[in-house]
Amino acid sequence: MSNQSNSPQPSVVTNLAGVPAIMTPMAEHLADITGLSTNAVLMTQVLAFSNVLLPYQAPPLITAIALGNMSIRKVSKVCLATFVITSVILLPINFL
């Protein structure tokens, strides 16, 4: 059974860098309306800001790429690898 609410998704409210600042104060309320523990709601934030599939999703990465004259291709490979590792390790931990 899926718990749905009328609360906006973090990606609609803010970009990646703003997820912790916007969602942490709302964690207790989100826990109440979803039936999850506050700890579980807070842990889902880790998935939200650590799962950067491509660099353009994170403004700090774009800035670092521009300032460091880095290759988009190389940074994309790192992002994809991090995405896979995060999905394989953090996602299961989040539901323990």
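A nonpolar core is a set of buried Ala, Val, Leu, Ile, Met, Phe, Trp, Tyr and Cys residues joined through side-chain atoms within 4.5 Å. Buried means under 20% relative accessible area, exposed over 50%, and partly exposed in between (1.4 Å probe, protein chains only). The model is predicted: local features need pLDDT of at least 70, side-chain atom pairs count only at pLDDT 80 or more, and totals for chains, interfaces and linings use all residues. Residues are numbered from 1 along each chain as its sequence is written, and side-chain values use heavy atoms, with hydrogens and water left out.

**Exercise 1.** Determine which residues make up the largest nonpolar core.

*Solution.* Step 1: the core has 6 residues, namely Val-19, Met-23, Ala-27, Leu-30, Ala-31 and Val-41. Step 2: helix 2 (19–23) and helix 3 each give two or more residues to this core; helices are DSSP runs of H or I, at least four residues, numbered from the N terminus. Step 3: helix 3 gives the most, with 3 residues.

**Exercise 2.** Describe the setting of Asn-69 in the loop between helix 5 and helix 6.

*Solution.* Step 2: Asn-69 counts as exposed because its relative accessibility is 70%. Step 3: phi of Asn-69 is near 50°, a positive value in a residue other than glycine.
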